[in-house]
Amino acid sequence: MADTPQIVMDERVKQISPMRRAMIRPELGGIVGTIAVFVFFGLFAFDSGMFNSQGIMNWSVVSAQFMIIAVGACLLMIAGEFDLSVGSMIGFAGMMIAIFGVTLGWPMWIAILVTFALCISIGALNGFIVVRTGLPSFIVTLAFLFILRGFTIFLPQTIERKTIIGGIREAAEGDWLAALFGGTIGKGLFSWMGEAGIIATFERGTRAGEPVVNGIPMLIVWALGLVLLGHVLLTRTRFGNWIFAAGGDAEAARNSGVPVNRVKITMFMFTAFCATVFAACQVMEFGSAGADRGLLKEFEAIIAVVIGGALLTGGYGSVIGAALGALIFGVVQQGLFFAGVESSLFRVFLGVILLFAVILNTYIRRIITGER
């Protein structure tokens, strides 16, 4: 009697329990962390003003700052690379906008577009050096961290004899492109909410009767737009599959026809784009550019991405998770002030959250790979 052939179950069609499917989602850490943070501050800072209209706007703006750079860092990390020059790129981009638009007197829209082109080209150079030389992106971008920071200090000192250039708000007045980075939207809606008593209004002074929050800053609009773009790109397009493949196993991806080098260079360019968006919003908000802007932002972006569930080894992560990581970052930073906690303890809270995220991500990786 012939032996009955055994049927081997393909891993791709293997049934996965709902619990296991939830446990291996990259957003799990970000979701758990977000719930924990809001519960904590809901208990200890509910009556402090943290959750009124102005308080919500405060931590939303800070979270949006982290979110913009976290989107670029997330996609690049999933592709298996790091960019430590993000913080210096922010300072450099802001300074270039100021030099072009204020010192040289160019129309602000030209200054912004030229700055974007310059910074994206530097991002492409970063990626080109990494893929052509095989050097770790950590080393290449660390070098550019110092190069860009050096130019950010040297150029204004040489041209203006100072490291802070003001007058950006005046130079950008009436400019169509500058308004996309420094304006607000929804003023009519917020005025109506103020009149209806839904949000607080000024009681005295020249602004009496006006809402305390008069619109949504373009910084938040850019953050939400980039998160949506990154999520759709990563989960709904063939290029998104290439990003995962390039970070998971670059050699196997090449053998499968994935243009790994092009994917990685494009992700370096996108990271530079996100840093320049951050810089443009920042200089329009403050009306000036400073040589010290963007310090340590590269590490904050990576921390937000790790909190959001991405693996440092590449090939796994989520833009939504990175956005939640940025939200946690911003809420904790502002929430400690509202809760009356010593501000120096922010780093302690951040370290605890990061440690929890790394442990959880390691556990998820073991579930996925079947390691013990």
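## The largest pocket

Helix 3 (53–78), helix 8 (179–182), helix 10 (218–236) and helix 13 (260–286) each contribute at least two residues to the lining of the largest pocket, helices being DSSP runs of H or I with at least four residues, numbered from the N terminus. Helix 3 gives the most to this lining, with four residues. This is a predicted model, in which local features need pLDDT of at least 70 and side-chain atom pairs count only at pLDDT 80 or more, while totals for chains, interfaces and linings use all residues. Residues are numbered from 1 along each chain as its sequence is written, and side-chain values use heavy atoms, with hydrogens and water left out.

The lining of the largest pocket comprises 21 residues, of which Met57, Val61, Thr184, Asn214 and Pro217 lie nearest its centre; a pocket is an open set of points on a 1 Å grid over the protein atoms alone, with protein on both sides within 12 Å along at least five of seven lines, whereas a cavity is a set where a 1.4 Å probe fits but cannot get out, and lining residues have an atom within 4 Å of a point. The space in the largest pocket is about 480 Å³, a volume being the space filled by probe spheres set on the points, which are joined across faces, edges and corners.

## The nonpolar core

The largest nonpolar core has 107 residues, and those with the most contacts inside it are Met108, Ile112, Phe181, Ile243 and Met284. The largest share of this core, 17 residues, comes from helix 3. Such a core is a set of buried Ala, Val, Leu, Ile, Met, Phe, Trp, Tyr and Cys residues joined through side-chain atoms within 4.5 Å, where buried means under 20% relative accessible area, exposed over 50% and partly exposed in between (1.4 Å probe, protein chains only).

## Cavities

A search of the whole structure finds three cavities of 30 Å³ or more, and the largest cavity has a volume of about 60 Å³. Helix 3 and helix 14 (297–307) each supply at least two residues of its lining; among the lining residues are Ala73, Met77, Glu298 and Ile302.

Phe116 and Phe273 form a tilted aromatic pair, 5.4 Å centre to centre with 45 degrees between the planes; rings of Phe, Tyr and Trp (its six-membered ring) pair if their centres lie within 6.5 Å, and planes under 30 degrees apart count as stacked, over 60 as edge-to-face and the rest as tilted. Phe116 lies in helix 5 (residues 108–133) and Phe273 in helix 13, so the pair ties together parts that are 157 residues apart in sequence.
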